Amino acid sequence: MRFADIGKMCVDNLKRRKGRTILTVLGVFIGCTSIVVMVSIGAGMKESQDKMLAEMGDLSIIEVSQGMNENGTQAKLDDAAVKSFREMEGVAAVMPKVSLDEFSVSMKAGINDRYSCEWASIVGVDTSVMEDMGFELMDGKFPSKGLDEAVGGQYLAYNFSDTLMPEGRNMVDRWSAYDENGNPKDLPDPFFDALKTPITLEVTTGDENQPAYKKTMNIVGITKEDYGKGWETSEGIMMSIDAVKDLISKAKGTPNVKLNYSQVLVKAADMSQVAEIESSIKAMGYYTYSMQSMRESMEKNARQVQLMLGGLGAISLFVAAIGITNTMIMSISERTREIGIMKALGCYVRDIRMLFLMEAGTIGLLGGVIGLLFSLIISVGINLFAMGALGGGEITFQTLIQALVGGEDVTRVSAISPGLMFFAIVFSVFVGLVSGYYPANKAVKIPALEAIKHE
């Protein structure tokens with residue numbers, strides 16, 4: 001028999017028993033919908049975790065701090081350590097950091113030091129690799145190796161108070177620029193533009209006999225806030241390591257200051273290399289931390305949740321598979337004479353087997369397609385509800401698209417990927433074929449003469 005003839009017979013047989021076919025397809029539809037929705041919720045959880053981690057910091061950066069060697073001595077973060085990190089395979093950039101935590105630093109700005117800040121987070125970094133490390137500039141440029149240029153954090157200027165204004169009105173409240181849901185609105189302007197106003201640092205050592213050392217710095221760039229690269233990207237000042245050495249030397253009144261770095265940031269060329277690089281650094285005795293470590297733990301938990309949810313959905317599809325097998329066995333019992341006639345007319349055994357497998361596979365396909373479409377509707381509905389669009393908000397075409405495929409500023413509760421859609425269809429057809437295999441084999445084993453005599 002031709003494939004087209006077998007296909008026509010398959011469709012005719014399914015139409016002839018519409019009620020039974022619809023009920024069997026309904027079972028596959030419920031099972032497929034259960035699996036897709038359950039797995040999509042797990043995928044949505046993973047998507048929200050990835051976005052949360054991306055907001056927390058660069059996943060390819062490893063933070064290295066001082067540790068202990070195997071012999072019990074301290075593993076120092078010095079130039080030799082930085083050099084060894086740079087020589088590691090897969091390392092894209094290395095940026096040592098040194099802070100002025102042991103000093104008290106205040107800041108002044110404006111005419112006659114009108115604007116004042118009683119504390120400051122000052123960090124020395126290798127400014128030549130800031131761009132390679134992924135620092136983003138809101139405005140300006142990265143500093144040169146000079147001693148009087150620096151980069152300010154995104155909200156540096158908001159830390160200054162106006163000494164000529166009364167208490168309660170002497171600072172710009174940037175926190176008021178957020179709505180009740182924590183989403184940022186337009187920020188009010190600070191008292192001055194940090195890029196156009198030199199800032200004077202006053203460094204004191206705590207020694208009463210040592211006067212405060214004053215140093216005027218020019219802020220040449222403003223970085224975007226990124227706590228993964230350091231708190232100073234928000235409200236601090238970053239300058240070259242040579243500039244920090246000069247500050248310490250002049251503040252203490254001692255030349256030739258030698259520094260151990262407080263921290264070193266190591267950036268991997270690819271996220272897949274983070275674990276190997278981090279392991280190598282740990283073997284050298286240093287303590288490390290990376291967002292990748294947290295991500296692996298969260299991904300493991302997300303996979304477990306997905307397996308659990310998928311397993312619950314699979315129970316429904318297993319019940320549907322039993323329904324397909326039952327339907328096909330009943331169909332064979334009712335069509336025994338038809339099978340005998342087909343054999344008597346010279347039909348090949350493989351054609352008879354293919355006919356029943358095609359019927360079972362078609363039931364699986366129909367259930368899978370309808371189940372997938374219904375799953376997409378449920379997924380969009382869940383996401384619209386999470387986005388607040390079903391609570392009186394306006395539903396637009398763009399909102400529907402975001403609920404379906406996501407977006408940069410959208411976190412979906414249910415995420416159905418193209419891979420999941422393909423899997424749902426293929427798996428439904430596979431369930432149908434597996435369920436129909438036993439009935440199909442039973443059909444081809446019926447003797448032709450006995451089948452013809454069957455009433």
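Mentor: A pocket here is an open set of grid points with protein on both sides within 12 Å along at least five of seven lines, and lining residues have an atom within 4 Å of a point. Keep in mind that this is a predicted model.

Trainee: OK, the second largest pocket then. Which residues lie nearest its centre?

Mentor: Gln154, Tyr158, Pro190, Asp193 and Ile222, out of a lining of 17 residues.

Trainee: How much space lies in there?

Mentor: About 330 Å³.

Trainee: And how do the residues of that lining divide by class?

Mentor: The lining of the second largest pocket has 12 nonpolar residues, 2 polar and 3 charged.

Trainee: Switching to cavities. How many of 30 Å³ or more does a search of the whole structure find?

Mentor: The search gives 2. The largest cavity has a volume of about 100 Å³, and the second largest cavity holds about 30 Å³.

Trainee: What lines the largest cavity?

Mentor: There are 11 lining residues, and Leu14, Arg17, Thr21, Thr327 and Ser331 lie nearest the centre. Helix 1 (3-16), helix 2 (18-56), helix 7 (291-334) and helix 9 each supply at least two residues of this lining. Helix 7 has the largest share, with 3 residues.

Trainee: What's the lining of the largest cavity like by class?

Mentor: It has 3 nonpolar, 4 polar and 4 charged residues.

Trainee: And the lining of the second largest cavity, how does that divide?

Mentor: Into 7 nonpolar residues, 1 polar and no charged. The lining consists of Cys32, Ile35, Val36, Leu317, Phe423, Ala424, Phe427 and Ser428.

Trainee: Which helix gives the most there?

Mentor: Helix 11, with 4 residues. Helix 2 and helix 11 (418-444) each supply at least two.

Trainee: Back to helix 9. What span does it reach?

Mentor: Helix 9 covers residues 349-387, 39 residues in total, and reaches 56 Å from its first C-alpha to its last. That is close to the 57 Å expected at 1.5 Å a residue.

Trainee: What follows helix 9?

Mentor: Gly388, with a positive phi near 85°.

Trainee: Now strand 4. Why is it largely enclosed by the rest of the structure?

Mentor: Because 8 of the 9 residues of strand 4 (residues 91-99) are buried. Buried means under 20% relative accessible area.

Trainee: Which way do strand 4 and strand 14 run, parallel or antiparallel?

Mentor: Antiparallel, with 6 bridges joining strand 4 to strand 14 (residues 263-268). Pro96 has Val264 as its bridge partner in strand 14.

Trainee: And how many bridges join strand 4 to strand 7?

Mentor: 3 bridges, again antiparallel, to strand 7 (residues 122-125). There, Ser99 stands opposite Val123.

Definitions and conventions. Residues numbered from 1 in each chain as written. Predicted model: local features only at pLDDT ≥ 70, side-chain atom pairs only at ≥ 80, totals over all residues. Heavy atoms only, no water. Expected span 1.5 Å × (residues − 1). Buried < 20%, exposed > 50% of the residue type's maximum accessible area, 1.4 Å probe, protein only. Pairing = 2+ DSSP bridges. 1 Å grid on protein atoms, 1.4 Å probe; cavity = no way out; pocket = protein on both sides within 12 Å on 5 of 7 lines; lining within 4 Å. Points joined across faces, edges and corners; volume = space filled by probe spheres on them. Nonpolar A, V, L, I, M, F, W, Y, C, P; charged D, E, K, R; others polar.
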